[in-house]
Amino acid sequence: MDMTEPTFPGAIPPERRRSVRSHSLTLNLLEWGDPGTPPLLLCHGMWDHAHSFSVLAPLLAERFHVLALDARGHGDSDWAHAYTWLADLGDIVAVLRSLGRPAQLVGHSKGGGQTTEAACIVPELVTKLVNIDGFGPPPMPNPYDRAPAELARLFDLRRGLSRRDTWRPYSSLDQLVERRRSQNPRLSREWLRYFSFHGAREEADGWRWKSDPHMAHGYGPWRPEWIGPRYAALRCPMLAIVGSETDTWGPLPEPILAERLAFVPDLERRVVAGAGHFVHIERPAETAALILDFLEQ
Amino acid sequence: MGLELHELKGGEGHPLLLVHALFGSSADWAEAPAAWPGAVCALDMSGHGRSDWVRGGAYYPELLAADIDAALAHVGPVCLAGAGFGAYASLLVAGARHDLVRGVLLLPGTGLAGGGPQPDFATPSGRPDELAADTRGPFDPMVRTLERDVRPPEFAVAVARPIRRILLLEDGDPRPPWWEAVRALPASEHIEGDVRSALLHLRAATSIV
């Protein structure tokens, strides 16, 4: 099939790629901008990939050397045998360490939560932090009631791992686009076509997402109530950005968000009007302006 | 992903599966098999003994509990005995697979407490990169993350509630909050003595007359 790279207004292909090793995995990074300028690391959310920053990154690259990480199990980074929040943090720390100088950190959704914790772990490697709607899920009622059944489900999944679970193939890129659009109708087909082209690959029997389906399941005693108190360990300023519109994944109800952000020692908050969870995709110019203004204060 | 499951001895009656402590291996069970009339198997969990290391270093208790579950898939219905971290992991398996586990014996040992009953918010999650090491040793250095995972007593109790018999061998050392909470369940019984006598007790408690 003739499949040339789709275009999207404002999306600029990365100028370079590089890889960083972390715990025997090879992680892929896309780069925009002058390597002589200060580094800025972008971390995407669950089921996204580094190309999801293809519009935002070039705008930030006017001032910074921008690197966008494919998290393990996503995009063109290696799959792992198992996934934990802590292991993802280790990957971000490994990338920060490889840069050789402190960096600006920008993360979206899960990547926002993880960049925030990475900034707590290695404060000497992070100058400032921008978290785009990465403040976790709302509290869960009776979180442990179903613990035995959820463990059994995890065990069943691990028993099936030897069969090498993969996503089902889609007959065309457009079917991937429609699948993704059914999850979040705020995102345009034009964008999702660009996003899916880079997030999937064409194989003999159709198109498959590149991401590892085994990241899907949760496990263990973790609770959303633990998110806010962690922020108290931050040693750098944080800019918290959310959109004004509620969609599939965000933002949190304001009282819950405010309760968590109250733990941040040095906080700025901005709301982008007319944007949902994917603030940087729905309103890239405005998001970039907020980020640059904050980082250059 | 390869796991080593060793049959230490054969025998009649339902089998016993032994689960080692943190940093341990199936070689740690010297005197135990003789106390059990049935077959005795011992597992090397991921990152330990002769089992594979987890590619990418993401160890968590439920993942190593899934290793025990994989052994159950081979051995069938069993009694479980686990030490230290292996006791906690065995509890997770016994709760999730209560139809396959007739009883579980929890023994003291390395890695029993994990990171405690609640997160330590004053100390960030640790520095995961500092655990990196490529040298081949008796265990993957990344299994040290199993010294940090949070083990709330309410979670352990929720998991343990479906278990039919829980024996807890106590040696006078301090016991973590999850252990104390499980100890208070109706199906639980705490005992003193050595591993051999504890296994005899487990056998008596789980035998069908």
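## Aromatic pairs

Over all chains, the structure holds 10 aromatic pairs; rings of Phe, Tyr and Trp (its six-membered ring) pair if their centres lie within 6.5 Å, and planes under 30 degrees apart count as stacked, over 60 as edge-to-face and the rest as tilted. This is a predicted model, in which local features need pLDDT of at least 70 and side-chain atom pairs count only at pLDDT 80 or more, while totals for chains, interfaces and linings use all residues. Residues are numbered from 1 along each chain as its sequence is written, chains are lettered from A and ligands numbered from 1 in the order in which they are written, and side-chain values use heavy atoms, with hydrogens and water left out.

The pair of Phe197(A) and Trp207(A) is tilted, because the ring centres are 6.4 Å apart and the planes stand at 50°. This pair links distant parts of the chain, 10 residues apart: Phe197(A) sits in helix H6 (residues 189-199) of chain A and Trp207(A) in strand E8 (residues 206-209) of chain A. Helices (H or I, at least four residues) and strands (E, at least two) are DSSP runs, numbered from the N terminus. Both Phe197(A) and Trp207(A) are buried, where buried means under 20% relative accessible area, exposed over 50%, and partly exposed in between (1.4 Å probe, protein chains only).

## An edge-to-face pair and a cluster

The rings of Trp249(A) and Phe278(A) have planes at 85° and centres 6.0 Å apart, so this pair is edge-to-face. The two residues are 29 residues apart, with Trp249(A) in the loop between strand E9 (238-243) and helix H8 (254-261) of chain A, and Phe278(A) in the loop between strand E10 (267-272) and helix H9 (279-282) of chain A. Trp249(A) has a relative accessible area of 42% and is partly exposed, whereas Phe278(A) counts as buried at 5%.

One aromatic cluster is formed by Phe8(A), Trp191(A), Tyr194(A), Phe195(A) and Trp209(A).

## The interface of chains A and B

Chain B gives 42 residues to the contact and chain A gives 40 residues (heavy atoms within 4.5 Å). About 3,500 Å² is buried between the two chains, 68% of it from carbon and sulfur atoms; buried area is the accessible area (1.4 Å probe) that two parts lose on being put together, summed over both.

There are 3 salt bridges between chain B and chain A (a side-chain nitrogen of Lys or Arg within 4 Å of a carboxyl oxygen of Asp or Glu). Arg55(B) and Asp78(A) meet in a salt bridge at 3.4 Å, N to O. On the side of chain B that touches chain A, helix H1 (61-75), helix H2 (85-96) and helix H3 (153-160) of chain B each supply at least two residues. The largest share of that side, 7 residues, comes from H1(B).
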